Amino acid sequence: MTHRITALRENLANEGCGAFISLTPATNQYLAGFSGTTSAILITPDEALFLCDFRYTEQAQEQVRGYAITEVKGKLSERLAEAVSERRLSAVGFEPQYMTVDEFRALQANAGSVFTETPELVSSLRRRKDESEIALVRAASELAESVLVDLLPELRPGITERELAARFEYEFKMRGASGPSFDTMALFGARSSLPHGQPGDRALQEGDVVLLDFGCRREGYCSDLTRTYAFGRIPGGWFQEIHELTLAAQRQALEAVRPGVSCQEVDAAARDVISNAGHGSHFGHGLGHGVGIEIHEAPRLNPEATGVLEAGMVITIEPGVYLPGQGGVRIEDLIVVTQDGCEVLTRTQKELEILAP
Ligand code: ZN
Ligand code: ZN
């Protein structure tokens, strides 16, 4: 992880900061390689310090490279503050999007330093993945897709959304994932119009929409995929229409992806297709998001997004059309932005498929 420490120090210098601190698991995984949930890091121009308590010392010694590891007792934020104070650091950068008010108060009360909000310091590094990270996302995605391929033929009338979601998550773990990368979404029938619905006791029936949005986490990296099927027969002409429309929008966005294109433009490529068909109000969420250590990370693709795509970004392209009370369709692929376009990591068929009951 020493090359990431070096890159972070460059960003620190550019922002005029004297140091960087973090108590955030995702940040500390990226910068120090630590997969535990409780740790602190302090990076200065010439020091890299890793703090943890007794529970994690052995794990840290195995995983963390390039840092002086110190076992501490008591409140981690206070010990971190003391380390800052001892070094008389000024302009200490931190990530305001992650730090709790409680942690911030402990730091301010004990460190006697000035803290500077640096929300982009690490995320500007994390949003472009290196080869090893892309390989990990690819492996997580392949694992999750292998579960889909095996579970689809098993679908029978009567299985509930909750049972199907549990089957996915069980298989993720049995095949080597640490777990799902977010709560698996399995939504049947009209409930598929809930863009972020929670699986419930609804039992599968012939003629249902089946919306599956899922991913797993494997070796610290996430995957994400959505497919929408018809079970037994097409629910109605409306479903065929919005499925074709969503797929056309998704393909339009994939066509638009290449380095230098703004995140807003890619969102608009899909959104225009849906709006022109009169369904603009039925696509109320952003087109996609970065995926890596976290399931939702930079960059964001939506109408208000800033920034441009860069080679090495791993993002989702997931337009959807949702008809309240009737049903919805979302089609989501996980892609890597390449030098001249993109590579789609997800292989599963996206054309309308009628699952045999
Ligand atoms: Zn998803
Ligand atoms: Zn997603």
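# Reading a predicted model: a dialogue

Q: Is arginine 126 buried or exposed in this predicted model?

A: Arginine 126 has a relative accessible area of 5%. Buried means under 20%, so arginine 126 is buried.

Q: Where does arginine 126 lie?

A: Arginine 126 belongs to helix α6, which covers residues 123-126.

Q: What does the side chain of arginine 126 make a polar contact with?

A: Its partner is the side chain of glutamate 297, at 2.7 Å. Glutamate 297 is also one of the residues in contact with arginine 126 once neighbours within four places in sequence are left aside.

Q: Let's turn to the metals. Which residues coordinate the zinc ion (ligand 1)?

A: To read a metal site, start with the donor atoms. For the zinc ion (ligand 1), Asp213 gives two OD atoms, Asp224 gives an OD atom and Glu332 gives an OE atom, at 2.0 to 2.7 Å. Along the sequence, these donor residues follow the spacing D-x10-D-x107-E.

Q: Where are aspartate 213 and aspartate 224 in the chain?

A: Aspartate 213 sits in strand β9 (residues 208-214), while aspartate 224 is in the loop between β11 (221-222) and β12 (225-231). The two are 11 residues apart. Aspartate 213 is buried, at 3% relative accessible area, and aspartate 224 is buried as well, at 3%.

Q: Why is the arrangement around the zinc ion (ligand 1) irregular?

A: Look at the angles between donors. The four donor atoms subtend angles of 52 to 150°, and therefore the arrangement is irregular. For comparison, four donors count as tetrahedral if all angles lie between 85 and 135 degrees.

Q: Which protein donors does the zinc ion (ligand 2) have?

A: Its protein donors are Asp224 (OD), His289 (NE2), Glu318 (OE) and Glu332 (OE), lying 2.1 Å from the ion. Their spacing along the chain is D-x64-H-x28-E-x13-E. The four donor atoms here subtend angles of 77 to 150°, so this arrangement is irregular too.

Q: Where do histidine 289 and glutamate 332 lie?

A: Histidine 289 is in strand β13 (residues 288-290) and glutamate 332 is in the loop between β17 and β18 (333-338), so this pair ties together parts 43 residues apart in sequence. Both residues are buried.

Q: How far apart are the two zinc ions, and which residue coordinates both?

A: The zinc ions (ligand 1 and ligand 2) are 3.1 Å apart, and aspartate 224 coordinates both.

Q: How many salt bridges does the structure hold?

A: Here is the general idea: side chains of opposite charge can pair when their charged atoms come close. This structure holds 29 salt bridges. One of them joins the side chains of arginine 4 and aspartate 130, at 3.2 Å from N to O. Arginine 4 is in helix α1 (residues 2-15) and aspartate 130 in the loop between α6 and α7 (131-151), 126 residues apart. Arginine 4 is buried at 7% relative accessibility, whereas aspartate 130 is partly exposed at 27%.

Q: What does arginine 251 form a salt bridge with?

A: Its partner is glutamate 351, and the closest N and O atoms are 2.5 Å apart. Arginine 251 lies in helix α9 (residues 237-256) and glutamate 351 in the loop between β19 (341-344) and β20 (354-355), so the pair ties together parts 100 residues apart in sequence. Arginine 251 is partly exposed, at 38%, and so is glutamate 351, at 37%.

Q: Which residue forms a salt bridge with glutamate 318?

A: That residue is arginine 330, with the closest N and O atoms 3.8 Å apart. Glutamate 318 is in the loop between β15 (314-317) and β16 (320-323), and arginine 330 is in strand β17 (residues 327-330). Glutamate 318 is buried at 9%, as is arginine 330 at 1%.

Q: Which residues are linked in a network of salt bridges?

A: Asp150, Glu154, Arg167, Glu171 and Arg175 are linked in this way.

Q: Which residues are buried in α9?

A: In general, an α-helix has 3.6 residues a turn, so residues three or four places apart point the same way. The buried residues of α9 include Trp238, Ile242, Leu245, Ala249 and Ala253.

Q: How far does α9 reach from its first C-alpha to its last?

A: With 20 residues, α9 reaches 29 Å, close to the 28 Å expected at 1.5 Å a residue.

Key
Residues numbered from 1 in each chain as written. Chains lettered and ligands numbered in written order. Predicted model: local features only at pLDDT ≥ 70, side-chain atom pairs only at ≥ 80, totals over all residues. Heavy atoms only, no water. Helix = DSSP H or I, 4+ residues; strand = E, 2+ residues; numbered from the N terminus. Buried < 20%, exposed > 50% of the residue type's maximum accessible area, 1.4 Å probe, protein only. Polar contact = N/O pair within 3.5 Å; in protein donor to acceptor, adjacent residues only side chain to side chain. Contact = heavy atoms within 4.5 Å. Donors = N, O, S within 2.8 Å, 3.2 Å for Na, K, Ca; no water. Tetrahedral: all angles 85-135°; square planar, octahedral: opposite > 155°, others 65-115°. Salt bridge = Lys/Arg side-chain N within 4 Å of Asp/Glu carboxyl O. Expected span 1.5 Å × (residues − 1).
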